[in-house]
Amino acid sequence: MSDFSPTLFEKLCCPLDGLPLTFESPSWRCASGHCFDTASQGYINLLPVQNKRSRDPGDSKEMVAARRRYLESGVYEPIAAGVWRALMDGLEGEAPYACLDAGCGEGYYPRYLRQQDQDGQLALIGLDISKWAVMAAARSSSDIRWLVGSNAQLPVPDGALDAVLCLFGFAVPEEFWRALKPGGIWVQVEAGPEHLLELRRIIYPTLKADKEENLVPPTGFSLETTERVRAQIRLDSQEQIADLLLMTPHLFRASAQGREQARQLTSLPVQLDVRIKVLRRL
């Protein structure tokens, strides 16, 4: 592996007035005097109180810990590998490429990309609305820029990004378009019709009909490629099955009987089925 010094993304904007932020150790300041400190764990909180919809938005400490345990077991590596392929095939221009994961959680996917990026082509940014998720991510990797913030208002200038990733997250096409350079890419990962089907059959009394895939891109984007990634995995403990439930909305949507049936399981074969779409900013 070649030696390199990863590029840290520096073009941050004030979430209150959109002015550029400059670093004056240990804080980031804008010309209006707004100040944002770098936490001891290394992340920057760019989600002001007035922009929160609840006191503690996003995933809880427990959900973050469950996701960390589950993803670090490697069961979703086929998805991460698909994201890496989509990113490398879609990026244009010269490196380093500014790539923001919008809804990064505890940072599994940015960390995977960093491990694959042996030549230092990516300046990676992980952003999530949950401070617990970003705190865990920052503790795990200091060569990625970690931010607490909202997908509805990315704290970066217009046209600052080469790529935006949105993996099972809350996509905001208008904001992604604003933050991307012309020709930049948005990589969207969505659950396919058979994703976690075996688990869903257990926890729900009936399954909803599958939605038809929407192939019409949002305004300002063209749909460049779609890849369907499928893999069979096995969850081999009650704890791993419980972690999967806790890290997804399924825990709160499932019936009480379904949750109890899931708790009785000691192993479960599960189908991964996701679509990875690459949309290019026009």
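Select helix α2 (residues 77–90): in it, Ile79, Ala80, Ala81, Gly82, Val83, Trp84, Ala86, Leu87 and Gly90 are buried, where buried means under 20% relative accessible area, exposed over 50%, and partly exposed in between, with a 1.4 Å probe and protein chains only. The helix has 14 residues and reaches 20 Å from its first C-alpha to its last, close to the 20 Å expected at 1.5 Å a residue; the expected span is 1.5 Å times one less than the number of residues. Helices (H or I, at least four residues) and strands (E, at least two) are DSSP runs, numbered from the N terminus.

The model is predicted, with local features requiring pLDDT of at least 70 and side-chain atom pairs pLDDT 80 or more, while totals for chains, interfaces and linings use all residues. Residues are numbered from 1 along each chain as its sequence is written, and side-chain values use heavy atoms, leaving out hydrogens and water.

**The three-stranded sheet**

Next, select residues 22–24, 27–29 and 35–37. Strands β1, β2 and β3 form an open sheet in that order, with antiparallel pairing; two strands pair if DSSP finds at least two bridges between them. Strands β1 (22–24) and β3 (35–37) are the edge strands, each pairing on one side only. From one strand to the next, the twist averages 30 degrees. Between β1 and β2 (residues 27–29) there are three bridges in the antiparallel sense. To see one of the pairings, display Glu24, whose bridge partner in β2 is Ser27.

**Aromatic pairs**

The structure holds five aromatic pairs. Rings of Phe, Tyr and Trp (its six-membered ring) pair if their centres lie within 6.5 Å; planes under 30 degrees apart count as stacked, over 60 as edge-to-face and the rest as tilted. Display Phe23 and Trp28, a tilted pair with 5.2 Å centre to centre and 45 degrees between the planes. Which of these states applies to Trp28, buried or exposed? Trp28 is buried, with a relative accessible area of 3%, whereas Phe23 is partly exposed at 46%. Then display Tyr70 and Tyr76, an edge-to-face pair with 5.2 Å centre to centre and 90 degrees between the planes. Tyr70 is buried at 1% relative accessibility, and Tyr76 is buried at 4%. Finally, select Phe176, Trp186 and Phe221, which form one aromatic cluster.

**Helices α1 and α3**

Select residues 61–72 and 108–116. The axes of α1 (61–72) and α3 (108–116) come within 11 Å and cross at roughly 35 degrees. Axes are lines fitted to C-alpha atoms, for helices over the stretch in contact, and angles run from 0 to 180 degrees between N-to-C directions. Arg68, Leu71 and Glu72 of α1 meet Tyr108, Tyr109 and Arg111 of α3, contact being heavy atoms within 4.5 Å.

Glu106 is buried, with a relative accessible area of 2%. Beyond its neighbours within four places in sequence, the contacts of Glu106 include Arg67, Arg68, Glu72, Arg111 and Ser140.

**The eight-stranded sheet**

Lastly, display the open sheet of eight strands, in the order β4-β7-β6-β5-β8-β9-β11-β10, with mixed pairing. At its edges stand β4 (44–45) and β10 (221–235); each has a single partner strand, so one side of each lacks a neighbour in the sheet. Strands β5 and β6 (residues 122–128) pair in the parallel sense over six bridges, and the bridge partner of Tyr97 in β6 is Leu122. Helix α3 lies across β5, β6, β7 (145–148) and β8 (161–167), running at about 170 degrees to β6.
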